[in-house]
Amino acid sequence: MEFNEYQQAANRTLYGNEQILTNCALGLAGESGQLIDLIKNYTFKGKELDREEMIKEMGDVLWYLSQIAQWADVPFEDVAKTNIAALNKRYPHGYSADK
């Protein structure tokens, strides 16, 4: 699935028409926190890393990001391309801990 296809498909499930940006920003923070808790519990509490739960939480984060971009009339593919361009500029030869 392409980024813009995902964005459009995800938008079908957006509800409400007021305070969408605030709702999506708060939702992004909440879902990011749930993903972070999974990783924290794995790293520091010795819990199993539930791969399926991690995929679900990453999907929730992706949904909110895509809808923030949708609200701003930014094609989600542009977000991905801009990020890769910035990474390539920052690390033209790839990342190395030695540098």
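**View 1. Gln-19 in the loop between α1 and α2 of the predicted model**. In this predicted model, Gln-19 has its place in the loop that lies between α1 and α2 (20-45). With a relative accessibility of 57%, Gln-19 counts as exposed, because the limit for that class is over 50%. Computed along the sequence, Gln-19 and Ala-85 are separated by 66 residues, and their C-alpha atoms are 31 Å apart in space.

**View 2. The ring pair of Phe-3 and Phe-76**. Aromatic pairs in the model number 4. In the pair of Phe-3 and Phe-76, the ring centres lie 5.7 Å apart and the planes stand at 85°, so the arrangement is edge-to-face, a class that calls for an angle over 60 degrees.

**View 3. Accessibility of the two rings, and the cluster they belong to**. Phe-3 counts as partly exposed, because its relative accessibility is 40%, whereas Phe-76, with a relative accessible area of 5%, is buried. Ring pairs join Phe-3 and Phe-76 with Tyr-6 into a cluster.

**View 4. The aromatic pair of Trp-63 and Tyr-64**. The rings of Trp-63 and Tyr-64 also form an edge-to-face pair, with 4.9 Å from centre to centre and 90° between the planes. Trp-63 and Tyr-64 are both buried.

Notes. Residues are numbered from 1 along each chain as its sequence is written. This is a predicted model: local features need pLDDT of at least 70, side-chain atom pairs count only at pLDDT 80 or more; totals for chains, interfaces and linings use all residues. Side-chain values use heavy atoms; hydrogens and water are left out. Rings of Phe, Tyr and Trp (its six-membered ring) pair if their centres lie within 6.5 Å; planes under 30 degrees apart count as stacked, over 60 as edge-to-face and the rest as tilted. Buried means under 20% relative accessible area, exposed over 50%, partly exposed in between (1.4 Å probe, protein chains only). Helices (H or I, at least four residues) and strands (E, at least two) are DSSP runs, numbered from the N terminus.
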